[in-house]
Amino acid sequence: MDCREANEYAYCRIEGATLVPLSQFASLCEAEFEARNTPAIIYCHHGVRSLNAVFYLRDQGYTHTFSMAGGIDQWSLHIDPLVPRY
């Protein structure tokens, strides 16, 4: 799950990721989960927003949510260099 904003998602994304912008996260995230124990990895640009999203989800009882350290920036550096950096 990508918690960046739409303009960032339009520029680059991890294939298969669903966009749920942090600015709308509280109102949209629940629709993305089948159950409170559905596993999810949340990412953003560098990992700060995704960590906040995970804290929010865990406060709501979602137990298997994780922030991707380093975000899409590190993904581009270490996993898929075809994902543009910004």
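The structure holds three aromatic pairs; rings of Phe, Tyr and Trp (its six-membered ring) pair if their centres lie within 6.5 Å, and planes under 30 degrees apart count as stacked, over 60 as edge-to-face and the rest as tilted. It holds zero disulfides, a disulfide being a pair of cysteine sulfur atoms within 2.5 Å. This is a predicted model, in which local features need pLDDT of at least 70 and side-chain atom pairs count only at pLDDT 80 or more, while totals for chains, interfaces and linings use all residues. Residues are numbered from 1 along each chain as its sequence is written, and side-chain values use heavy atoms, with hydrogens and water left out.

**Aromatic pairs**

- Helices here are DSSP runs (H or I, at least four residues), numbered from the N terminus.
- Tyr11 is partly exposed at 49% relative accessibility, and Tyr86 is partly exposed with a relative accessible area of 38%. Buried means under 20% relative accessible area, exposed over 50%, and partly exposed in between (1.4 Å probe, protein chains only).
- Phe25 and Tyr56 also form a pair: their ring centres are 6.3 Å apart and their planes stand at 80°, so the pair is edge-to-face.
- Phe25 lies in helix α2 (residues 25-28) and Tyr56 in helix α3 (residues 48-59), so the contact ties together parts that are 31 residues apart in sequence.
- Phe25 is buried, at a relative accessible area of 3%, whereas Tyr56 is partly exposed at 29%.

**Charges over rings**

- A charge sits over a ring if NZ of Lys or CZ of Arg is within 6 Å of the ring centre and within 35 degrees of the ring normal.
- Arg13 lies over the face of Tyr9, 4.7 Å from the ring centre.
- Arg36 has its charged end over the ring of Tyr62, at 4.6 Å from the centre of that ring.

**Cysteines**

- A disulfide is a covalent bond between the sulfur atoms of two cysteines.
- Cys29 is in no disulfide either, and its nearest cysteine sulfur, that of Cys3, is 11 Å away.
- Cys3 is buried, with a relative accessible area of 0%, and Cys29 is buried with 2%.

Notes:
Helix = DSSP H or I, 4+ residues; strand = E, 2+ residues; numbered from the N terminus.
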